[in-house]
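Colleague: I'm still new to reading protein models. Could you take one part of this one and walk me through how its helices pack?

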Amino acid sequence: MKFTLRQVEVFLAVADCLHFGRAAEKLHISQPTVSQEVARLERAVGLALLDRSRRTVALTPAGRVMASEGRLLLDQAGSLIGKVLLHEDSRMSTARLVASPSVVNRLLPAVISQAETDLPTLKIDDMSVETGAVSSTLAAELADIGLGRFLDDLPGFRTETIADEPVHVAISRAHPAAGLPAVALRDLQDVPLLLWPREQHPRYYDFILAMCADRGLEPHVLMSPPRIVGSRLYLLSQGRAFSLVPGSTTGHLSGDVVAVPLQERATLPLEMQWRSDDRRPPLLALRDLIRTKGAELADRTGVGEAAP
């Protein structure tokens, strides 16, 4: 039995469209070519895959199996090529990092700076994406390593927590809570919580609200653009809202905004994600470096301290 991946691809287009003409349009080839490729596949397997006895095209029982298994075959073929291409010369000497906004503030610069000394032959390309977009960037194969919070479960990828950062309240220096050694969230009923829309990152959003509820606060949520420490920072400095930020963000607030620890301590996970089959030595070394810098970040932001 001999058949080609191209024949399977053409058959799947017909199976999806149930129409030879529309399948041809989808593949940008002629309709006779579609018919010929499907016929060759049927001859190779020795069974009819399509029922052409009616005015419409339908899958035979064998065709339904071919459609299901054929998709798996093409996915596996794509994965195979992806694994092979990891060993192309440029991919062996380049690492692409993608990070969410808060990671860009402290961890990413520390990693890149140390890599210049420890991994001098490795070129690091870094990009920042909005909260919630790290995993989708990895899935699209636009990056090799992702750094963020509450990353999505992706088939074929590993996710590891490299630090747990304490949560701080970012609030106007003029607010009474700004002068306290620690603040109870239930005492912030008078101020809205500045937070991006839930659809941007549901798991992160739900964690924040659950954390508030556990500490006696049902906040009024004031919707923010993707980056809270950005164009809406004035809402914090003017006392019109507060925000909840990881410890690594606290040094990047304006002078009118202070970061106060929580009285009832909470932490946010900082996670690293990568393809589980990516065993390139330079990338293994880079992931170890990220783990080391993540641990240092946790120490500097107060992980392990007793709650106030």
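Predicted model: local features only at pLDDT ≥ 70, side-chain atom pairs only at ≥ 80, totals over all residues.

From H2 come Phe-20, Gly-21, Ala-23 and Ala-24, and they meet Gln-31, Val-34, Ser-35 and Val-38 of H3. Sort the residues of this contact by class and you get five nonpolar, three polar and no charged ones.

Next, bring in helix H1, residues 5-17, which packs against helix H3, residues 31-45. Here the angle is about 115 degrees and the axes are 9 Å apart. That makes H1 roughly perpendicular to H3. As for handedness, H1 passes H3 in a left-handed crossing. On the H1 side you'll find Gln-7, Val-8, Val-10, Phe-11 and Val-14, and they meet Val-34, Glu-37, Val-38, Arg-40 and Leu-41 in H3. The class count for the contact of H1 with H3 is seven nonpolar, one polar and two charged. Look out for Val-34 and Val-38 of H3: they turn up here against H1, and they also meet H2.

That leaves H1 with H2, where H2 covers residues 20-27. These two pack at an angle of about 125 degrees, with axes 8 Å apart. That makes H1 oblique to H2. This crossing is right-handed. H1 brings Arg-6, Glu-9, Val-10, Ala-13, Val-14, Asp-16 and Cys-17 to the contact, and H2 brings Phe-20, Arg-22, Ala-23, Lys-26 and Leu-27. By class, the contact of H1 with H2 holds seven nonpolar, no polar and five charged residues.

Leu-18, though, has a positive phi of about 50 degrees, and it is not a glycine. Leu-18 counts as partly exposed, because its relative accessibility is 36% and that label covers the range between 20% and 50%. If you'd like another case, find Glu-141, whose phi is also positive, near 60 degrees. Glu-141 lies in the loop between helix H8 (134-139) and strand S5 (145-148).

Before you leave the model, have a look at its largest nonpolar core, which has 27 residues. Val-169, Leu-185, Phe-242 and Leu-244 touch the most other members. The elements giving two or more residues to this core are strands S6 (157-172), S7 (193-195) and S10 (257-261), plus helix H9 (202-214). H9 supplies the largest share, five residues. Another core, of 24 residues, lies apart from it, with Val-111, Leu-119, Ile-145 and Leu-283 among its members.

Terms used
Residues numbered from 1 in each chain as written. Heavy atoms only, no water. Core = buried A, V, L, I, M, F, W, Y, C linked by side-chain atoms within 4.5 Å. Buried < 20%, exposed > 50% of the residue type's maximum accessible area, 1.4 Å probe, protein only. Helix = DSSP H or I, 4+ residues; strand = E, 2+ residues; numbered from the N terminus. Axes fitted to C-alpha atoms, helices over the stretch in contact; angles between N-to-C directions. Parallel < 35°, antiparallel > 145°, perpendicular 65-115°, else oblique. Left-handed = near helix turned anticlockwise from the far one by under 90°. Contact = heavy atoms within 4.5 Å. Nonpolar A, V, L, I, M, F, W, Y, C, P; charged D, E, K, R; others polar.
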